[in-house]
Amino acid sequence: MIVLADPIRLKQILLNLLDNAIKYNQENGKVMVFCRLQENKQYIHIVDTGVGFSVEEYTKVFVPFYRIESTKEEGTGIGLSLVKQLVHLMGGEINVTSNKGTGSEFCFSLPLPNDLKTVIQWGEQTKFPPTNNRKEDNYRLLYIEDNESNLHLVSNIIKSQPSYTLLSACTGKEGIEIVANEKIDLVLLDINLPDINGYEVFEILKAGKETKDIAVIAVSANAMPKDIQYTLDKGFNNYLTKPIHVQEFLTILSETLKQYN
């Protein structure tokens, strides 16, 4: 299953819904998760055999600080409100059905990565920078990343940009080998790799006669200013934080390529 979603936000949605399904369940109850495809959306269902709630509460449960009636479970009452907000930010919808005493079913949808421009709406509506389709502006990018979700996301973004061709590597050593044998204009380099870290990969690339002038953008979930500055001081051409925001990602790519090519 491939959906167009931010992996951190999606994980947060699933953890919240599963936590509720367990918390409000009955002794020896069950929690079931299943998915279905319909048109251009993936639907995820989380079903429990818990205490349930009334039809009148269907919309109330998504209101901040609302607590389900007749429950003694502790909590702030903002979990489902946050879930709804995150689902909507990723272009999806969420709804619930429930019966008191027999359980609840939460279902949320996420778009498939078919029409990138219409479904990515994280924050304001994404505007794609203009692309130049001249042959000389056909840039070859390498993304060194071991997280499959991040690779899928970047791959789908790049598909919308005819001026870019994307190659990928899952380890630092594999990435170095590709750079040595392929024409690469820019490297997107994850700092935390399974074999050698991104800083070591960067030093090897900069030490090579044929690779020292290739632009390198660091990609990391670490957004602390001191760590970003430390990375830039090492000589990286730019820095991207995860989760990747599409408009920022494309703008930084374009600006870096213009500056160093």
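Trainee: How many disulfides does the count come to?

Mentor: This is a predicted model, in which local features need pLDDT of at least 70 and side-chain atom pairs count only at pLDDT 80 or more, while totals for chains, interfaces and linings use all residues. Residues are numbered from 1 along each chain as its sequence is written, and side-chain values use heavy atoms, with hydrogens and water left out. A disulfide is taken as a pair of cysteine sulfur atoms within 2.5 Å, and because the sulfur of Cys-107 has its closest cysteine sulfur, that of Cys-35, 9.5 Å away, that pair is too far apart for a bond. By this rule the number of disulfides is zero.

Trainee: Is Cys-107 buried or exposed?

Mentor: Buried means under 20% relative accessible area, exposed over 50% and partly exposed in between, with a 1.4 Å probe and protein chains only. Cys-170, at 39% relative accessibility, is partly exposed, whereas Cys-107, at 5%, counts as buried.

Trainee: Which parts does the pair of Phe-62 and Phe-106 tie together?

Mentor: Rings of Phe, Tyr and Trp (its six-membered ring) pair if their centres lie within 6.5 Å, and planes under 30 degrees apart count as stacked, over 60 as edge-to-face and the rest as tilted. Phe-62 and Phe-106 are edge-to-face, 6.2 Å centre to centre with 85° between the planes. Because Phe-62 lies in the loop between strand S2 (41-48) and H2, the pair links parts 44 residues apart in sequence, namely that loop and strand S4 (residues 103-111), where helices (H or I, at least four residues) and strands (E, at least two) are DSSP runs numbered from the N terminus.
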